[in-house]
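Dear colleague,

Here is the structure you are taking over. My notes on it follow below the entry.

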Amino acid sequence: MGDYSLELNEDQLQMQKWVHDFSENVIRPAAPEWDEREETPWEIIQEAADIGLYSWEAFTSFFSDPTGITMALVSEELAWGCAGITLAIMGTTLGVSGILGSGTPDQIAEWVPQCFGTPEKIHIAAFAVSEPDAGSDVSNLRTRAVYDEAKDEWVINGTKTWITNGGIDKVPNVHVVVASVDPELKGRGQASFVVPPGTPGLSMGQKFKKMGIRASHTAEVVLDDVRVPGSCLLGGKEKLDARMARAREGQSSRVQAAMSTFEASRPLVGAQALGIARAAYEYSLDYAKERSAFGKPIIENQGIAFKLADMKMEIDAARLLVHRACWMGRTGKEFTSGEGSMSKLKAGEVAVWVTEQAIQILGGYGYVREYPVEKWHRDSKIYTIFEGTSEIQRLVIARAISGVRIP
Ligand SMILES: Cc1cc2nc3c(=O)[nH]c(=O)nc-3n(C[C@H](O)[C@H](O)[C@H](O)COP(=O)(O)OP(=O)(O)OC[C@H]3O[C@@H](n4cnc5c(N)ncnc54)[C@H](O)[C@@H]3O)c2cc1C
């Protein structure tokens, strides 16, 4: 019989420990400060770069694990320390996914290393899809890209919103912008463009103050007559023209540019949610053993002990879904039931639920900032919203299992 196993291999265990140590020693202690400051923690990103964790080489090695699990392990361990700082470190990978999802091999080789830079000169990246009137409904983008044939340049105009790392110009920042080339074709008339660091016309609009993940920068990106060379159209013009021609003839085509990127990254977002949930579970388990009420540790009440049992079970169930989706994605299995969406949906909702239970277990101490649990709850909530809300994940799953185009 075959080799079926859920055990992590030596390489995975080593990588998990390496990242966990960084998370425990560097990220977790810094988390409250950056939550209060609500700024990008450049010092922590620098430390991650210095040890080789923030680099395209590291991410290439995480992603090249043939089982697909390593990147999920890394994401979970980082977010166990602080999800906001994790997003400050991992936000760049959203832009990278945009390039990997649509770029040619030459474009990938040119731009992915530029997203990270080097420890001596850190770069970052952003993936800009959402707009004020197009969040869940990404087929409705208003940002326009028009081809200037004489100059072989694309001219991009529009406003993006909620963009992680969006508009930061303190360090070179590679923006991957999804824009509509032919609005009549909706999603099938869209394309992704690299906007190189320092391109005139791209600027930061409003920077948002958030409930959680406050160490991660979220802002509007304004694109005002942004001109990029023809070579910045990911996938190339020939391919785009052919796709749009097929769409005009009513033939089916590949999924939309933005959607294919999100589908690949959703299980990893779920893995971050798992990290928060695990942090809250571990903390509240220890607390329940130490805290006494009515002359005995509170864990000796079934009401508390069963809560912890459910928390652990839900986290483990969510992790199995995340690892399954990562494995399926990496080994080329067909997602027939929205397995990527399932993993993110379950992990996000588990994180919100587990962190709320953790607050309850800590009682008043759970509600104040001297203890980390209220922050974990605030941080967890975004995982039911970004990279597709829980409702949108349910829509994807429902359509996949039914074959019905549920509106
Ligand atoms: C902190 C943060 C970081 C983000 N980072 C990025 C980023 O880096 N890049 C990027 O492009 N975007 C980013 N986003 C945007 C994020 O992906 C969107 O906010 C999200 O997709 C939801 O879009 P919306 O906010 O416009 O909500 P809406 O689409 O307006 O949805 C509002 C509500 O209606 C529900 N709803 C909508 N349509 C349906 C439907 N058909 N059926 C049932 N319910 C429905 C939604 O589930 C939600 O509950 C970020 C957002 C935040 C808050």
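At what angle do helix 9 and helix 10 pack, and how far apart are their axes? Before the reply, two points on the source. This is a predicted model, in which local features need pLDDT of at least 70, side-chain atom pairs count only at pLDDT 80 or more, and totals for chains, interfaces and linings use all residues. Residues are numbered from 1 along each chain as its sequence is written.

Helix packing

Helix 9 (residues 302-330) packs against helix 10 (residues 339-362) at about 160°, and the axes are 9 Å apart. Axes here are lines fitted to C-alpha atoms, for helices over the stretch in contact, with angles from 0 to 180 degrees between N-to-C directions. Helices (H or I, at least four residues) and strands (E, at least two) are DSSP runs, numbered from the N terminus. The two helices are therefore roughly antiparallel (under 35 degrees counts as roughly parallel, over 145 as roughly antiparallel, 65 to 115 as roughly perpendicular, the rest as oblique). Residues in the contact include Ile304, Met311 and Leu321 of helix 9, and Met342, Val350 and Trp353 of helix 10; contact means C-beta atoms, placed from the backbone, within 7 Å. By class, the residues of this contact are 14 nonpolar, 4 polar and 5 charged (Ala, Val, Leu, Ile, Met, Phe, Trp, Tyr, Cys and Pro count as nonpolar, Asp, Glu, Lys and Arg as charged, the others, Gly among them, as polar).

For helix 4 (residues 70-81) and helix 5 (residues 83-102), the angle is about 130° and the axes are 6 Å apart. This pair is therefore oblique. Ser75, Leu78, Ala79 and Gly81 of helix 4 meet Ala83, Ile85, Thr86, Ile89 and Met90 of helix 5. That contact has 6 nonpolar, 3 polar and no charged residues.

Strands

Strand 7 (residues 218-229) runs antiparallel to strand 3 (residues 153-164), with 9 bridges joining them; strands pair if DSSP finds at least two bridges between them. Leu223 of strand 7 is the bridge partner of Gly158. Strand 7 is also antiparallel to strand 6 (residues 202-207), through 4 bridges, and Val221 of strand 7 partners Met204.

Domains

The domain assignment, automatic or from a database, gives domain 1 (10-116), domain 2 (124-248) and domain 3 (257-402). The C-alpha centres of domains 2 and 3 are 31 Å apart. In their contact, 11 residues of domain 2 meet 10 of domain 3. Strand 5 (residues 190-195) gives the largest share of the domain 2 side, 3 residues. That side has 7 nonpolar, 4 polar and no charged residues.

Regards

Methods:
Contact = placed C-beta atoms within 7 Å.
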